[in-house]
Amino acid sequence: MLDYLKYTLSPLLLLVSAYGLWSGGNHVWLGGGVLLGILLFDAFLAPDHSLRDSRYPWLYDSIVCIQLTLAFGLILLYAWLIGSGHFTTVAQQTGAFITMLITQFVLATPALHEMFHRENTFLRWFGRLGMVMIFDPWREITHVVTHHVHTVTPTDPDYARRGENLYRHLLHTFREQIIESYQLEKRLWTKRGRPWWHPRNAWVWRAGLLLGFVVLLHLIGGWSGAVAGVAVCLLGPRTFLEIFNYCQHYGLVTGKPGRFENHQTWNHLTPFVRILALEITNHAGHHQDGYKPFYELVPDRDGPKQPQFLVCVLLACVPPLWFMMIRPLLRDWDRRYASPQEREIAAAENIRAGWADLNDEPEPAQRRHAAAA
């Protein structure tokens, strides 16, 4: 039963966060502090390549449903506490806000992502409802249709090319995702002869979900609670999700657009990250079959890997440090994983990015070391 119990960690951390917010004072830091402590500890652990026991899938699904429900409850509790003036000092308000940013990103986002990928109708719709917590109910449209089909190509709004820093990527991806999801839906309602405002259009009813969520925040916490709740959604799970996407396929290329291969994503396989992220950092398996539940994913032992997840997110926020880390990994990827056609594409990308030195052949000693590895 240990495999099943591992995934109760996220619901427990959501309860710890709720307790801290409710208790007030310095306790508001409790949820975020414990979660960051676990992630920092995880950074020193070896990769975990173990498989999960999948004999009782309903147990896993029940845990994730509870997790997503608690995440909904936490944002509503936060809005109510803000509206009732529960946090009386700037320090308490700051601590509560930071805790919400961290917990909603690390604990809510994986659950809703897992859900909207499912074929089960109830689970998929629960995930769709959950997308209001990243303040992007249209995300499923671009993610499933565009990201999973056009992985590591410039037509994917989630993809960051070599040399692109995080902040340029954020401006690009926010804009392109909105445009892409609208255009994809527009094609469907145009073919069906419906006006843009027809309630059966996904663009419209998803906007209704988002509006309903904001209204609910307002009813519970007033204007101050609604504003704080929306700010958490936008600056926490919404923004950090894009930072995660920035890292996950950064700089990789493909010679076969539309056909995913395992070496076209970076993986993060440390034990606690696998659990907290519901295996989404076991990314190659997820892209091979987007409908496969998280507990059936098989870790890619030999695929490209980045440093631990939290380390990558922090480095991405400081572009010089990010480039210092990612350039050697890309050089290694070009030589160890890329096909001959992909090496040509990567070489051109290096020149475009101003990283032509990555195309230089390693010294003989380096070649011997690479061969031995």
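1. In this predicted model, the side chains of Asp-3 and Lys-6 form a salt bridge at 3.4 Å, N to O (a side-chain nitrogen of Lys or Arg within 4 Å of a carboxyl oxygen of Asp or Glu). Both residues lie in helix α1 (residues 2-6), 3 residues apart, about one turn of the helix; helices are DSSP runs of H or I of at least four residues, numbered from the N terminus. Asp-3 is buried at 16% relative accessible area, whereas Lys-6 is partly exposed at 24% (buried: under 20%; exposed: over 50%; partly exposed: in between; 1.4 Å probe, protein chains only).

2. The structure holds 21 salt bridges. Asp-48 pairs with Arg-52 at 3.5 Å, N to O, and with Arg-274 at 3.4 Å, N to O. Arg-274 belongs to helix α10 (residues 271-276) and Asp-48 to the loop between α3 (30-42) and α4 (57-83), so this pair ties together parts 226 residues apart in sequence. Arg-274 is buried at 0%, as are Arg-52 at 7% and Asp-48 at 15%.

3. Helix α9 (residues 202-248) has a kink of about 130 degrees centred on Gly-221; the bend at a residue is the angle between axes fitted to the seven residues ending there and the seven starting there.

4. The count of disulfides is 0, a disulfide being a pair of cysteine sulfur atoms within 2.5 Å. The sulfur of Cys-312 has its closest cysteine sulfur in Cys-247, 5.3 Å away, too far for a bond.

5. Residues are numbered from 1 along each chain as its sequence is written. Local features need pLDDT of at least 70, side-chain atom pairs count only at pLDDT 80 or more, and totals for chains, interfaces and linings use all residues, while side-chain values use heavy atoms, leaving out hydrogens and water.

Terms used
Helix = DSSP H or I, 4+ residues; strand = E, 2+ residues; numbered from the N terminus.
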